[in-house]
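Student: Could you walk me through this one slowly? I'd like to see it before we talk.

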Amino acid sequence: MKTYENTGNKDTRSGFGAGLTELGQTNENVVALCADLIGSLKMDAFKANHPERFYQVGIAEANMIGIAAGLTIGGKIPFTGTFANFSTGRVYDQIRQSVAYSGKNVKICASHAGITLGEDGATHQILEDIGLMKMLPGMTVINTCDFNQTKAATLAIAEHNGPVYLRFGRPKVANFTSENQNFEIGKAVKLTEGNDVTLVATGHLVWEALEAAKALHEEGISAEVVNIHTIKPLDDKAILESVSKTGCVVTAEEHNYLGGLGESVSRVLVKNNPSPQEFVATNDTFGESGTPAQLMDKYGLNSKAIVEAAKKAIKRK
Amino acid sequence: MPNIQELKDLTTQVRRDILRMVHKVNSGHPGGSLGCAEFFVALYQDIMDRKDHFEMDGIGEDLFFLSNGHISPVYYSVLARSGYFSVDELNTFRLIDSRLQGHPTTHEGLEGIRIASGSLGQGMSVAIGAAEAKKLNGDSHLIYSLHGDGELQEGQNWEAIMYASAKKIDNLISTIDLNGKQIDGATDDVLPMGSIRQKFEAFGWIVIDIEEGNDIEAILSGMVDAKSKSGNGKPVCVLLKTEMGNGVDFMMHTHAWHGKAPNDEQLEIALTQNAETLGDY
């Protein structure tokens with residue numbers, strides 16, 4: 001089976017920072033806003049290079065979203081940066097009315113998503129944001145898997161006209177996708193070919209799915225890993241093609257199983273090709289303090305959990 | 001530019017539009033709309049330097065944002081009568097398939113509208129964003145916004161008010177419709193806010209009072225004053241004292257008509273108090 005090399009652990013948020021830095025040089029309409037988390041969001045370089053296009057709004061996320069919506073009126077492409085919790089739940093109505101319903105070209109860039117935020121605990125570990133954002137009409141929802149892909153996505157969403165939610169994380173994780181990849185919004189990336197089970201993963205769980213596929217391979221089970229970086233619009237075709245071959249699927253995400261990628265995949269399958277599906281996701285719960293690795297293990301969000309889920313799904317065929 | 005009598009005639013016609021719009025669908029918000037009729041007419045017919053056609057980006061012209069979107073009837077009437085879309089379209093207010101939604105929106109592509117509003121407290125942030133874009137674009141035109149006094153109870157306003165002075169948003173003139181009323185009653189009974197002037201001043205804004213907020217001439221001179229104070233490193237707040245339901249005797253001095261339409265008989269009385277001037281739609 002095809003294998004991927006980790007070129008060195010890196011955080012996805014630094015991928016965002018690198019992408020934003022490049023956009024600063026290449027697109028003069030790009031502006032950035034931050035609610036007192038410049039360091040955490042890796043927005044320092046953009047701020048230093050383009051102080052006139054950078055807006056520090058203070059700890060006032062609702063105002064930040066409104067200002068971003070207003071900046072589009074005049075042709076700017078605003079990128080807002082704060083933690084995922086404060087990028088979504090805290091400002092849902094501002095996003096709903098001033099951005100989504102108003103059709104504004106705002107890029108909501110959210111770091112520290114999910115349980116791998118770690119020690120800060122449940123107040124900051126949002127596991128509901130994909131659901132919140134995918135329910136908004138017209139909102140594109142992207143959850144990237146590594147540094148390189150996050151950088152590529154950051155560049156790509158500047159070229160897309162419309163509101164986007166870009167979700168990434170805090171910890172350093174494997175960096176394994178190609179450095180200068182072409183990021184196509186809404187297009188799934190098939191990472192390995194397989195016949196027995198499809199592993200559809202997003203975000204930090206993509207690397208875990210690859211690790212799971214390796215372990216399954218050693219047991220003689222052939223897994224097809226599909227990297228879904230865009231949860232909405234979902235690449236229905238890629239999912240159906242793969243599941244029609246393998247006959248079952250495991251979805252894996254750092255998010256509540258309610259409202260996440262898994263439910264989106266279920267919808268596609270139920271309408272077109274009902275198939276056994278297992279969910280690797282949090283089970284309608286809040287998180288807690290701990291190291292990212294401890295939490296991923298405790299909440300069943302790692303390669304081990306994916307392997308077990310794959311065996312279950314295969315049995316149900 | 002229209003003279004004072006022409007502005008007054010237009011205001012009377014706008015009042016008729018508001019009353020007929022909400023009556024037809026037996027819904028909408030006549031009280032605040034009537035109270036702000038003179039302000040909208042003054043703004044669109046005199047104060048704002050605006051293009052005669054609509055471009056979303058609004059580069060090279062003054063822009064207006066309505067934060068308290070429920071007074072959409074006055075907004076729609078003045079936009080239509082300022083040439084943004086056909087006056088006949090006012091007939092479709094709040095009907096199925098209409099561009100004139102209950103609260104203003106860009107969603108149906110109605111010319112003149114740049115942001116959806118209705119969920120309160122969001123408009124000042126948007127206006128600040130548009131003002132920041134003007135500064136980046138080297139565009140010296142101004143941003144105007146309107147907010148209800150009760151609307152200031154929404155916390156997001158104070159984030160925006162704090163930001164605007166801290167970041168020297170001096171190309172913004174935000175008007176507060178001080179009618180002292182909200183759905184549940186007098187603002188002072190629902191949640192007394194103390195001195196709004198002192199609050200804005202404490203946040204570093206220049207504050208201008210327009211005591212006669214239903215008098216066209218007072219509005220014009222007040223807004224000219226506001227304009228002259230822009231560009232000095234501080235945002236400008238206009239406290240516009242209005243009478244909810246102005247121009248219809250039984251709708252004044254009460255909050256009862258905040259969100260209630262007149263019946264047939266009430267409409268007839270209201271219209272006789274506001275004789276047709278420029279022709280009904």
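Student: Which domains does chain A have?
Tutor: The domain assignment divides chain A into domain 1 (10-173) and domain 2 (189-315), and such bounds come from an automatic or database domain assignment. Please keep in mind that this is a predicted model, in which local features need pLDDT of at least 70, side-chain atom pairs count only at pLDDT 80 or more, and totals for chains, interfaces and linings use all residues. Residues are numbered from 1 along each chain as its sequence is written, chains are lettered from A and ligands numbered from 1 in the order in which they are written, and side-chain values use heavy atoms, with hydrogens and water left out.

Student: OK, and how many residues does each domain bring to the contact?
Tutor: Domain 1 of chain A and domain 2 of chain A each bring 32 residues, where contact means heavy atoms within 4.5 Å.

Student: How many salt bridges cross that interface, then?
Tutor: The rule, which asks for a side-chain nitrogen of Lys or Arg within 4 Å of a carboxyl oxygen of Asp or Glu, finds 0 salt bridges between domain 1 and domain 2 of chain A.

Student: Switching topic, how many aromatic pairs are there over all chains?
Tutor: There are 16, counting rings of Phe, Tyr and Trp (its six-membered ring) whose centres lie within 6.5 Å, with planes under 30 degrees apart called stacked, over 60 edge-to-face and the rest tilted. One of them is the tilted pair of Phe40(B) and Tyr75(B), at 5.8 Å centre to centre and 50° between the planes.

Student: Which parts does that pair tie together?
Tutor: Phe40(B) lies in helix H3 (residues 37-47) of chain B and Tyr75(B) in helix H4 (residues 72-81) of chain B, so the pair links parts that are 35 residues apart in sequence; helices here are DSSP runs (H or I, at least four residues), numbered from the N terminus.

Methods
Helix = DSSP H or I, 4+ residues; strand = E, 2+ residues; numbered from the N terminus.
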